[in-house]
Amino acid sequence: MGKMCTQLLSIPYLNKTLLEMGGNTDLIEEWKDTILSGRKRDQLQAELGKDYAPQILEENAFALQQEWKAIELKWFLPKFFAKRSYLKKLRLYNTSLQAAQIPSLLEKLNAYQKNNKIIQEQASELSSSFGFLGRKNKEKWDDIDSILKSLPTIYNTLSEYAVIVQQPFAEVLNQFANKISIDWNAFQQSNENTFRQLIDTSNELNTVLNEIKGLCYIQLPDNNLEMKLPVLLNTWLTHFNKIKDWGQWCIRKRELESLHLTVIINYITDKHKSGSEASDAYMKGVYHQLALKTVDADETLRLFNGLLFEEMISKYKQLTVDFQELSKKELYCRLAAKIPSLTMEAASSSEIGILKRNISNGGRGTSIRRIIDQIPTLLPKLCPCMLMSPISVAQYIDLDAEKFDLVIFDEASQMPTSEAVGAIARGNALVVVGDPKQMPPTSFFASSQVDEEEAEFDDMESILDDCISLSIPSRYLTWHYRSKHESLIAFSNSQYYNGKLYTFPSVDDRVSKVRLVQVDGTYDKGRTRSNHAEAEAIVKEILNRLRTSEVPEKSIGVVSFSQVQQNLIEDMLIEELNKYPELEEKAFQSNEPIFIKNLENVQGDERDIILFSIGYGPDRNGNVSMNFGPLNNQGGERRLNVAVSRARYEMIIFSTLRSEQIDLKRTKSKGVEGLKRFLEFAERGTSPIPAIQLQNLQQSNLITLIAQELTQRGYKVDTLVGRSNFKVDLAIVNPLQPDTYILGILCDGRNYYETKTTRDREIVQPNVLQMLHWNVMRVWSVDWFEHKENVMERIIKKLEYLKNTKAEEQPPLPTENNVLKTFSIENEPVVELVNNREREYIFADLPDIGYSTDIDTVMASSYQVKKQLQQIVRIEQPITNTLLYKRILRIWNLTRVTTRLQVFIDSLLEDAYKDPLSGDTIIYWENKEKAKDCDFYRINSKRDILDIPILEVMSAARYAIEQQISMPIEDLKRLTSQLLGFSRKGNNLDMVTEQTIQLLINKGIFSHANGMVSMSN
């Protein structure tokens, strides 16, 4: 009882509480309720505290409780809260928490909140009445409960004692309190060991914590250590098998922190990312900053805007078209300017006269070579480019004639060097154009032998082969334009060009245009060496196509392996067409009539549709010979390459032979191997692209990102579409026609960078794609980097427009005919042919003085005479001094020109400009500027030849040669005199024209060779 009283009275204000009870037990009952709530709260806190820190409960209990009340459907609660940040926050303390556990957790939190509310309402009373036993959140509920249970007994005892001694209860209570004051000695002895143990435990705890920090790099809680530390250590023990990984993480973490890369640590911990993801994110940030730095450092990039740049490209395209049109006109004008205008009658001895005479009599009695020899100056002006075979060059062009500036050989792979030498010798420069992978020159068809299976083809060296052997500077042409579908050239590109050709994918690239028709037939090896079934199938195909309206748009060509098969198809087709005259007209009277050729003579030809007859195959016994005629010989693969690359739009192979029937163990011929691969390609419709072709096909990140964005929006996207090194970066499949693409996107990536010229990048590539019916748009890297959303919006708008717009309503695509304007001479204005060198003579209007004078009078009027001379020179320039003497003689009515008069007039003309061509006869001009570019002569002046400036005689002679091209000197002298208005010969006239022509030759304006005068080049 004493000890209990000691405990009671050690609590501040408890005596006051006892005094106030006055027999009222309600207060005790109220405290009992608080004790019950406190115990329940502590029980929940102890249960929840294993996984959750108290502050989490305090911060989230009410909010979670409200969320709980708001949800009526309990089955939905786990899914609902699984998306809330509360679950994420609570998992920091209990990593194994599942969404399904949340309802139970919320019920406990709700009960905790209610009990805690009751305690908080009594917190001040508990603290004041029970002292350290009632400290907030550290209440000693068992001790308080024990005290409360003793209080009624103590109260009743003291009350009875107060009645017995007849003293007030308060006075008794004070006396009782003084009597039983605390025994501090007893308190010290009973609790000293406890305090010492507490100190030792605290020191040991600090030591352990420091060891943990050094060992595990653990981040200990700053507050509520007694609650948080057990949870933390429990987590450690649970995952102790991962201590090695944790140590590595801490080492790397410290390294990153020392490098000021805490942002990476935060990215990993806060967003639960892997190290690889963090590395990618960090490098992305680095590259982003570098890109920003690069863009900001370049004004062009900094101000770049894709739409404005495309407008600039559009202007460039238009200017290019205009420039090409202007270049055509300029070329036409330059060439036309060299052709004589024929404003004067042609002299019979001139080159013009010779040509006209031979035209009028049909060249009777004169060979073509003789005519060419007679007009060596005129011919290059009329025909600056001449298309001739080597044999024609040898027949018609003399070896000693003036050489051509440039000799060009086309299809040089078929040109024997021996035949080319003659043409090469007639030029100053040489260009050889050909494909070493195509047909070599052969002498097979020069003989009457037609047994192609047994013949040994005598392939000769071509001028192209010799140029390659001599290492003559060369340029490899890589762009391929003939095939309007990439599958038509894919085999040759892969098999023979190692993927070096740049070919353009088709908008229907998902379907091959190379088709194999398997024919049920046999190869008549022992007799006709032909395949009748294939020939019949091809003729049937041609007739079917001729009967359709498509034929005028699509031309047809037939290629066979052998000449015998060619003849068979041709005979069968003609026989069938004889039955249908209207089809025969379609077949052979169109712009591109049907051709039927074999491997040896098809090079250089092309058609829209090629029908291919293999011919060879199993015989009647089912045996397949490995003899395929020309393919078996050396160079057979070159013949095959020629044959399979003739089609523009479609190729159909008719064959009784299957690829698996060709046994490469029985032959080493490259041509036969190529045939097997070609049949496999036709059967499968795809081409096995070798590894060498894939070396540059790395997909850029930009392409990947755009493809991902479009895929997320429901579009099917193929990337890097194409079978060569040129690709359409992204091709979006047409939802309505899955075999075609609705839109192609070109990015400014590696393909764009490696395209050498602006014209190829911005005109050639997009235009060729559009001619292949692609809808094309550009995506620029800078636009995507800065405004990704805007770029995607543009792409989606374009796709929606294309989906909702019918093909006939879309803007017309460029074709081969309308990509560039077509220049036509007929559209040029007709210019009237006039002699621009000829002018009328204008006289100075100076009347004579009206009376007779003498030389003295004239000399006395020097001022007036000088004025007259200046006026005459200004109007009649250029003018000779001899004519000026005569003009003054007439004006002043003098009788003759004397020496005094000449000296006097010469003195008055000292300020006038004298032409450099002046000799004994002086030519006067008003000034030097007037004397520039004198290219005319004047008529109807009644001047004597000695009074005509030599400048005008030179202009007349030049005009005569310009019109007549070339003529003998005597004829030129006569024609020059006629132009100046002289109809009769004379010594002075002959002398002046002779001197003039010689002067023009000396100055290099005229050339004189073989008795003929012509303009110098």
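Modeller: This is a predicted model. Phe-491, Tyr-496, Tyr-523, Phe-561, Phe-612, Tyr-616, Phe-628, Phe-678 and Phe-681 make up one aromatic cluster.

Colleague: How many aromatic pairs does the structure hold?

Modeller: There are 19 aromatic pairs in the structure.

Colleague: Why is the pair of Tyr-481 and Phe-504 called stacked?

Modeller: The ring centres of Tyr-481 and Phe-504 are 6.2 Å apart, and a pair needs centres within 6.5 Å. Their planes meet at 25°, and stacked requires under 30 degrees. The pair is therefore stacked.

Colleague: Where in the chain do Tyr-481 and Phe-504 lie?

Modeller: Tyr-481 is in the loop between helix H23 (463-469) and helix H24 (487-495), while Phe-504 is in the loop between H24 and strand E3 (514-518). The two are 23 residues apart, and the pair links distant parts of the chain.

Colleague: What makes Tyr-481 partly exposed?

Modeller: Its relative accessibility is 42%. Phe-504 has 4%; buried means under 20%, so Phe-504 counts as buried.

Colleague: Why are Tyr-741 and Trp-774 called stacked?

Modeller: Their ring centres are 5.5 Å apart and their planes are at 15°. Both values meet the limits of within 6.5 Å and under 30 degrees, so the pair is stacked. Tyr-741 is in strand E10 (residues 741-747), and Trp-774 is in the loop between helix H32 (758-771) and strand E11 (776-779), 33 residues apart.

Colleague: Are Tyr-741 and Trp-774 buried or exposed?

Modeller: Tyr-741 has 7% relative accessibility and counts as buried. Trp-774, with a relative accessible area of 0%, is buried too.

Colleague: How do you know that the charged end of Arg-547 sits over the ring of Tyr-580?

Modeller: The charged end of Arg-547 is 5.1 Å from the centre of the Tyr-580 ring, and the distance limit is within 6 Å. The charged end of Lys-500 likewise sits over the ring of Tyr-476, 5.9 Å from its centre.

Colleague: Which residues touch the most other members of the largest nonpolar core?

Modeller: Of its 39 residues, these are Phe-561, Phe-612, Phe-628, Met-651, Ile-653 and Leu-675. Helix H29 (670-684) is one of the elements that each supply at least two core residues. The largest share, six residues, comes from H29.

How values were computed. Residues numbered from 1 in each chain as written. Predicted model: local features only at pLDDT ≥ 70, side-chain atom pairs only at ≥ 80, totals over all residues. Heavy atoms only, no water. Phe/Tyr/Trp six-rings, centres within 6.5 Å; stacked < 30°, edge-to-face > 60°. Helix = DSSP H or I, 4+ residues; strand = E, 2+ residues; numbered from the N terminus. Buried < 20%, exposed > 50% of the residue type's maximum accessible area, 1.4 Å probe, protein only. Lys NZ or Arg CZ within 6 Å of the ring centre and 35° of its normal. Core = buried A, V, L, I, M, F, W, Y, C linked by side-chain atoms within 4.5 Å.
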